[in-house]
Amino acid sequence: MITRRGFLLLGLVATGARAQLPANIEAIRKAALEEAVRKVVGTAQVRPGRVKLDVPPLIDNGNTVPLSVEVQSPMTAADHVKAIHVFTEKNPQPYVLSAYLGPRSGRARITTRARIADTGVVTAIAQMSDGSFWSDSVKVIVTLSACLEEGLI
Amino acid sequence: MARVVVNVPAEAKRGEVIEIRTLAGHPMETGFRRTQLGELIPRDIIRSLVCTYNGVEVFRADFHPAMAANPLLTFTTVAAESGTLEFRWTGDNGFSATQTAAIKVL
């Protein structure tokens, strides 16, 4: 008979044995994501909107996740999207891709395939020619993780 | 020589926005995986793709290890004049691949 206390203790042991990961792995990943975003954005404010990130909400295989990013912009010389950056929250390295566009792109839309390590948030950030940043985030559930060898939670 | 594929429409109207699809055959080794003996497999990825339209750069992308193997990327450009589009991939360990596609603008 497992008592409530025994069960909780078991849970604690299991948590400890989960992997040889640093205990504060989530904090480390969050810091890595923030640092990666900071490197791109600098001190500017990132506002939600104008960007549409399209990722399937439920992913069977994290090794190839189709994703597309579309940004509302007239794409003229005066007002266009300069760059689109894609980040994932739980990867060992959060950076996925940066694409640099210009008025000759005609439309701000890219499609690619990414590796996503674990259930979490995927973020796309668009850098406009006027220096503003816009973003969209989608929460995805991953059943088969990419980079399993890293022993993710 | 790596196998790369690009898909560009053969003809387009002037000013039309055309979609370009690119695919490069590459394992995109992340540098986080290990062999069965526990040795780390070194990173080997494509770092960038540059697209030039008659010598003018119209699109550029930086890839990171979180790109899936055989990186696929589609983007758009405005059909300005007849000519050639050149695509160049460069990566770790001196990886380099180029591909060209001709376009006729009516």
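Which residue is the bridge partner of B:Asn7 in strand 3 of chain B? In this predicted model, local features require pLDDT of at least 70 and side-chain atom pairs count only at pLDDT 80 or more, whereas totals for chains, interfaces and linings use all residues. Residues are numbered from 1 along each chain as its sequence is written, with chains lettered from A and ligands numbered from 1 in the order in which they are written.

The partner of B:Asn7 is B:Arg21. Strand 1 (residues 4-7) and strand 3 (residues 17-24) of chain B run antiparallel and are joined by four bridges. Strands here are DSSP runs of E with at least two residues, numbered from the N terminus, and two strands pair if DSSP finds at least two bridges between them. Strand 3 of chain B is also joined to strand 6 (residues 72-78) of chain B, again in the antiparallel sense, by seven bridges. In that pairing, B:Arg21 stands opposite B:Thr74 of strand 6.

The contact between the chains involves 28 residues of chain A and 23 of chain B, two residues being in contact if their C-beta atoms, placed from the backbone, lie within 7 Å. On the side of chain B that touches chain A, the elements giving two or more residues are strand 5 (56-63) and strand 6. Strand 6 of chain B supplies the largest share, seven residues. By class, this side of chain B comprises 14 nonpolar, five polar and four charged residues; Ala, Val, Leu, Ile, Met, Phe, Trp, Tyr, Cys and Pro count as nonpolar, Asp, Glu, Lys and Arg as charged, and the others, Gly among them, as polar.

Strand pairing also links the two chains: strand 6 (residues 95-100) of chain A and strand 5 of chain B pair antiparallel over four bridges. Within strand 5 of chain B, B:Asp62 stands opposite A:Ser98.
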